[in-house]
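Notebook, open page. I went through the model one feature at a time and wrote down what I looked up.

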Amino acid sequence: MPTIGWDEFERVDLRVGRVLSARVFAEARKPAYVLDVDFGPEIGVRKSSAQITDLYTPDSLVGRLVVAVVNFPPRQIGPLMSQCLVTGFHDAQGRVALCVPDADVPPGTRLL
């Protein structure tokens, strides 16, 4: 595995956000939700397409904290302009489990 320097890691802006709303992304090719995520006053609310339908329902996502990359350029996914990348890990069955902080932290907090 290639190594990277600290300066390269710092370029990836990973922030905590709180899911304000989640709905089924009916137009997506693969099952997904559209999330509205609040990253606090500095960044604001951003939309994301998230393929996390195996382990989560829209109702179970509202109010949850998530970790997302907020400095990728927006990406058109069907009719949606995705503005951040919500992060997660594949479990043994290939389902995506969200990457989340294990304590309540303010939206917009940057990953160290």
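**Entry 1: Ser82.** I began with Ser82, which counts as buried at 7% relative accessibility. My cut-offs: buried is under 20% relative accessible area, exposed is over 50%, and partly exposed is in between, with a 1.4 Å probe and protein chains only. This is a predicted model, so local features need pLDDT of at least 70 and side-chain atom pairs count only at pLDDT 80 or more, while totals for chains, interfaces and linings use all residues. Residues are numbered from 1 along each chain as its sequence is written, and side-chain values use heavy atoms, with hydrogens and water left out.

Ser82 sits in strand E6 (residues 80–82). I take helices (H or I, at least four residues) and strands (E, at least two) as DSSP runs, numbered from the N terminus. The Ser82 side chain reaches the backbone nitrogen of Ser49 at 3.4 Å. I then listed contacts, meaning heavy atoms within 4.5 Å. Not counting residues up to four places away in sequence, Ser82 touches Lys47, Ser48, Ser49, Pro74, Arg75 and Ile77.

**Entry 2: the sheet.** Next I traced the strand order. An open sheet of five strands runs E3-E2-E1-E4-E7, with antiparallel pairing. Two strands pair if DSSP finds at least two bridges between them. Strand E3 (45–50) and E7 are the edge strands, each pairing on one side only.

I looked at E4 in detail. Five bridges join E1 to E4, and two join E4 to strand E7 (residues 85–86). Both pairings are antiparallel. Val69 of E4 is the bridge partner of Leu14. In E7, the bridge partner of Val69 is Leu85.

How many residues of E4 are buried? Five of its five are. Both faces are covered: Leu65, Val67 and Val69 are buried on one side, Val66 and Ala68 on the other.

**Entry 3: nonpolar cores.** I searched for cores, each a set of buried Ala, Val, Leu, Ile, Met, Phe, Trp, Tyr and Cys residues joined through side-chain atoms within 4.5 Å. The largest one has 18 residues. Val19, Leu35, Phe39, Ile52, Leu61 and Leu98 have the most contacts inside it. The elements giving two or more residues to this core are strands E1 (14–24), E2 (33–38), E4 (65–69) and E9 (96–98). E2 gives the most, with three residues.

Leaving aside neighbours within four places in sequence, Leu61 is in contact with Val19, Ala22, Tyr33, Leu35, Ile52, Tyr56 and Leu98. A second, separate core has five residues, including Phe25, Ala32, Val34 and Leu80.

**Entry 4: salt bridges.** My criterion is a side-chain nitrogen of Lys or Arg within 4 Å of a carboxyl oxygen of Asp or Glu. The whole structure gives six.

Glu42 bridges to Arg15, with the closest N and O atoms 3.6 Å apart. The pair links distant parts of the chain, with Glu42 in helix H2 (residues 40–43) and Arg15 in strand E1, 27 residues apart. Glu42 counts as exposed at 66% relative accessibility, whereas Arg15 counts as buried at 10%.

Asp36 and Lys47 meet at 2.6 Å, N to O. Asp36 lies in strand E2 and Lys47 in strand E3, 11 residues apart. Asp36 is buried at 17%, and Lys47 is partly exposed at 33%.

Asp91 and Arg95 meet at 2.8 Å, N to O. Asp91 is partly exposed at 23%, and Arg95 is partly exposed at 29%. Salt bridges that share partners join Asp13, Arg15, Glu42 and Arg110 into one network.

**Entry 5: aromatic rings.** I found one aromatic pair in the structure. Trp6 and Phe9 are tilted, 5.2 Å centre to centre with 45° between the planes. The rule covers rings of Phe, Tyr and Trp (its six-membered ring) with centres within 6.5 Å; planes under 30 degrees apart are stacked, over 60 edge-to-face, and the rest tilted. Trp6 and Phe9 are three residues apart in helix H1 (residues 6–11), so about one helical turn separates them. Trp6 is exposed at 56%; Phe9 is partly exposed at 27%.

**Entry 6: Leu112.** Last, I checked the segment after E9, where Leu112 is found. Leu112 counts as exposed at 86% relative accessibility.

Definitions and conventions:
A polar contact is a pair of N or O atoms within 3.5 Å; within protein, one must be able to donate a hydrogen and the other to accept it, and residues adjacent in sequence count only if both atoms are side-chain atoms.
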